[in-house]
Amino acid sequence: MGKSGKLIKARKAAQKAQQSTARDLIAVSQAASDPINHYAGFRHGRRHFVLHVGPTNSGKTHDALQALMDFGSGIYLAPLRLLALETGERLRSAGFACDIITGEERSLERGARYSSRTIEMVDLDHPYACAVIDEAQMVADSKRGGAWTRAILGIDAAEVHVCMAPEAVDIVTTLIALCGDDMHIVRHERMTPLSVEPEPLDGDCKPGDALIAFDRQDVLVRAANIEERGIPTAVVYGALPWPARRAEAERFASGEAKVLVATDAVGMGLNLPIRRVVFTSVSKYDGRRERMLTALEVRQIAGRAGRLGLFDHGYVTSTCDENDWLRNRIEAGTPSIASARLPFPRELGKDADVPLSVVLKAWSKAPLRFDMLCRVDMTRPITIASMLERQGAGTGKGRASSRDTLLKMAFLPVDETRDLDEVSGLYQGLKRKRHPMLPGGEIWERQYDREDHDLMRLERMVRTLGIRFAFARTLGLMDESMETAFIEERIRLERQVIVKVTGPKAPLIEDRLTTDFLDAEGNDGRATGVWRF
C-alpha cells in the first residue's frame, strides 16, 4: 500500500473512531436519550396548561394574550419575528413595558415585566408567571419544530397558554401528559363564516382584497399592475423590514391602500383588515421543490378573511381557476399531527474531544425511545459547523478557535444556502481580531455608505445587518457604541425601504417612524436603552 493509501486508511479509521465516540456521548447524555426528564430540570413545580384550540380568526391568541395581561407579567412566544414585534407593540400600546427580542434584534424597555420573543429566543432558566406559546401546530415543522417542543417541555411558568390548530391537540396533550402537568382545553369557533366563492376572480380587485403570492418578485409585480389601473395597493412579505410592513398595514387598514398583495406571511397570525383572500397560486417553492399547498396552509391563509369587527363574512377565491380545489382543502379533514420535532441539546455540543459536525450528524441519526418524537433537520448547523471547522474553529482555547464560539455560530439565524459567505467573513474577522464587517470596519463603511440601492439590495442589507447584529451580540462583541451604530444603520436602511415601497406617502410615514424612537418623556429612546421598531 502506497503512502497516500495509508493516509486515506488512517483518515477513515480516525473518522470511524470519532463517530463511535460521538455515539457514546449521545448514549450517556440524558438530554439526548431522555429529553422528557432532561427538560423537567428546568421546571419548578407543577404547571397548568390552557390549550386554545380552533381555526384561524377564532380569537385563540386574543384570549391567551388577555390572560397574559391579567397576570401582570409573563412572556409571549411567536412563530415569526414580525408577530413578535407586532405583539410586543400591542402590549406596549396597552401600557405594559415589554421587551422585544428576536434572533436578529432586541428592543428593551426599563422595568419591563413582559417579553415578546420569537420562540427560539425563550430563556428556560427564567421563571415566568404566565407564558403564551402561539401557533403550536408548528411543533411538527422539520427545521423549527424543536423550538415548540422545547418550550412546551421546559418553560418554567405556573400557567401556560398554548394556541394551536385542531390537528395539534393530540401531540401537544401527549407532551404535557409526559411532563405530568395538568391541562384543560378551550375550544374556539371561527367568529365569522368563511366561504369559497363559486367563480375565480374576473376583473379588478375590490377594497379589502388580499392577493396571496408566494414569491417576493411576484408580489411586487402584481402590486405594480394593480396600481397601474388606479387602485392604491399595499404590500407585505417576509423580507420587508418591520417599520415598512407596519406602514403598509396602516395604509391598508386606513383605506389609503384599497388592496393588499402579500406572501403567505399573512397566514401566521398577523392582524390585517382583509375581507377576501385571493390565491394567485396553489403551489409554492419550499426551498427544495415546488409543491402544492397543504390543507393546513390553505386554511391558515384563507382564514385571514373576514376579520371580526370589520366584516360579517369572509370570502376566498383565486385568480388561477382553483376555487373547487381550495374549497376541498378548506372543508377536508386533516389528520392529527403524529410527531413533534426534538431540538438539538446545546450542552451535548460542548464536548471538545469530537468535532462538532460529527456530534451533530451522530445526533441527527441516533434512535429515539419515543415514537412521537423525531429530530429536527440539522442541515444548517452541520453545514456551518463543517465549513468553520475547515477554517480552524473548535480546535483551540482562543475565542476564534474555541468550541463555544463554534457552537454559537453553528446556530446563528442564517440561511445555509444564502448566508455562508457572510458567516465565513464574520469568522475570519474573529480570527484576525479585526472586524471589518462590523461598525467601524472597512467593509462596513464600504457597504453601508450609499443611498441609491434598489429595493432587493436594501432588503438584503437589512438582512445581513440582522445577521451581523446577532453575531456581535452572541459572541460578546457588542458594546454601546456598536449597538448605536447598528440601530442608526437599521433606521436609515428601513427608511429607504419605506420610500421605495410606499412612494409619495413616505414623508408622512418617516415622520411617524421618527416619533417611535421617543420614550414616555419625549427623549430619544436610543439614549435610554429602548430600541423601538
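## Terms and model

Two strands pair if DSSP finds at least two bridges between them. Helices (H or I, at least four residues) and strands (E, at least two) are DSSP runs, numbered from the N terminus.

The model is predicted, so local features need pLDDT of at least 70 and side-chain atom pairs count only at pLDDT 80 or more, while totals for chains, interfaces and linings use all residues. Residues are numbered from 1 along each chain as its sequence is written, and side-chain values use heavy atoms, with hydrogens and water left out.

## The six-stranded sheet

Six strands form an open sheet with parallel pairing, in the order S9-S16-S13-S10-S12-S11. Its edges are strand S9 (194–196) and strand S11 (233–236), each of which pairs on one side only. On average, neighbouring strands here are turned by 20° against each other, direction ignored.

Three bridges link S9 to strand S16 (residues 314–318) in the parallel sense. Val196 stands opposite Val316 in S16. Helix H9 (residues 242–254) packs on this sheet and touches strand S10 (209–212), S11 and strand S12 (259–262); contact means heavy atoms within 4.5 Å. The direction of H9 makes about 145° with that of S11. Axes are lines fitted to C-alpha atoms, for helices over the stretch in contact, and angles run from 0 to 180 degrees between N-to-C directions.

## The eight-stranded sheet

An open sheet of eight strands shows mixed pairing and the order S4-S3-S5-S2-S6-S7-S1-S8. Strand S4 (106–107) and strand S8 (182–187) are the edge strands, each pairing on one side only.

Strand S3 (residues 98–101) and S4 run antiparallel and are joined by two bridges. Ile101 stands opposite Arg106 in S4. Helix H7 (residues 169–179) packs on the sheet, touching strand S1 (48–53), strand S7 (157–164) and S8.
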